[in-house]
Amino acid sequence: MNEEVIKNRILKENNINKKYEILYDYLYDYLVKQWHDNNYCDFKDNKCIANRAKKTIHEDNGCCWKKGYGLCSYLNEDKICSCNSISCKLFVCSYLRKKVRFNPKGLPLVKEFLTNKQQKILTKNLLRPKDDILQQLIKYDKTM
Ligand code: SF4
Ligand code: SF4
């Protein structure tokens with residue numbers, strides 16, 4: 001769905017939770033598509049490009065394996081994130097950062113609907129599930 005259609009859906013929706021969920025899902029899907037279409041991480045046999053270059057602290061599972069934490073419990077058997085964490089989708093490891101960065105401000109509809117504080121919430125919640133992040137966004141609502 002394109003940006004204008006999503007914008008109109010948000011504006012017409014009266015329920016604040018649903019408004020934020022429409023925006024969140026749209027941004028999440030947008031980021032998933034960016035990662036997928038550009039194949040930045042280039043997984044092969046469960047090892048991403050940074051794993052294979054030995055630039056990570058663990059040998060596989062990319063950045064779903066965290067120091068002091070191990071393999072994230074939200075990674076499902078198909079190696080897909082089961083909690084739709086948008087902060088993880090905005091995160092780029094140091095190995096890839098020269099090539100790709102995601103600034104929330106540059107994402108569609110963010111400047112129109114999210115304050116600076118809410119934009120920080122988008123980036124600061126690695127390994128946190130969608131519902132938690134949505135609750136934080138709603139708590140600091142000013143624009144919807
Ligand atoms: S962002 Fe970096 S560490 Fe994470 S999966 Fe991609 S290449 Fe691997
Ligand atoms: S929450 Fe983050 S670290 Fe955990 S499975 Fe999802 S993308 Fe990976």
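Mentor: Let us start with Lys-79, which is found in the loop between strand E2 (70-71) and helix H4 (86-90); helices (H or I, at least four residues) and strands (E, at least two) are DSSP runs, numbered from the N terminus. This is a predicted model, in which local features need pLDDT of at least 70 and side-chain atom pairs count only at pLDDT 80 or more, while totals for chains, interfaces and linings use all residues. Residues are numbered from 1 along each chain as its sequence is written, and chains are lettered from A and ligands numbered from 1 in the order in which they are written.

Trainee: Why is Lys-79 called exposed?

Mentor: A residue is exposed if 12 or fewer other C-beta atoms, placed from the backbone, lie within 10 Å of its own, buried if 20 or more do, and partly exposed in between. Lys-79 has 11 C-beta neighbours inside 10 Å, and therefore counts as exposed.

Trainee: Where does Leu-109 lie, and how do you know whether it is buried, exposed or partly exposed?

Mentor: Leu-109 lies in the loop between H4 and helix H5 (110-113), and because it has 17 C-beta neighbours inside 10 Å, it counts as partly exposed.

Trainee: What puts the buried residues of H6 on the same side?

Mentor: In helix H6 (residues 116-123), the buried residues are Gln-118, Ile-121 and Leu-122. They cover an arc of only 105° around the axis, so they are on the same side of H6, the arc being that of the directions from the helix axis to the C-beta atoms. On the other side of H6, Asn-116 and Lys-117 are exposed.

Trainee: Which residues does Ile-138 touch, not counting those up to four places away in sequence?

Mentor: Ile-138, found in helix H7 (residues 130-139), touches Ile-16, Asn-17 and Tyr-20 on that count, where contact requires C-beta atoms, placed from the backbone, to lie within 7 Å. The C-alpha atoms of Ile-138 and Tyr-20, 118 residues apart along the chain, are separated by 7.2 Å. Ile-138 counts as partly exposed because it has 15 C-beta neighbours inside 10 Å.

Terms used. Two residues are in contact if their C-beta atoms, placed from the backbone, lie within 7 Å.
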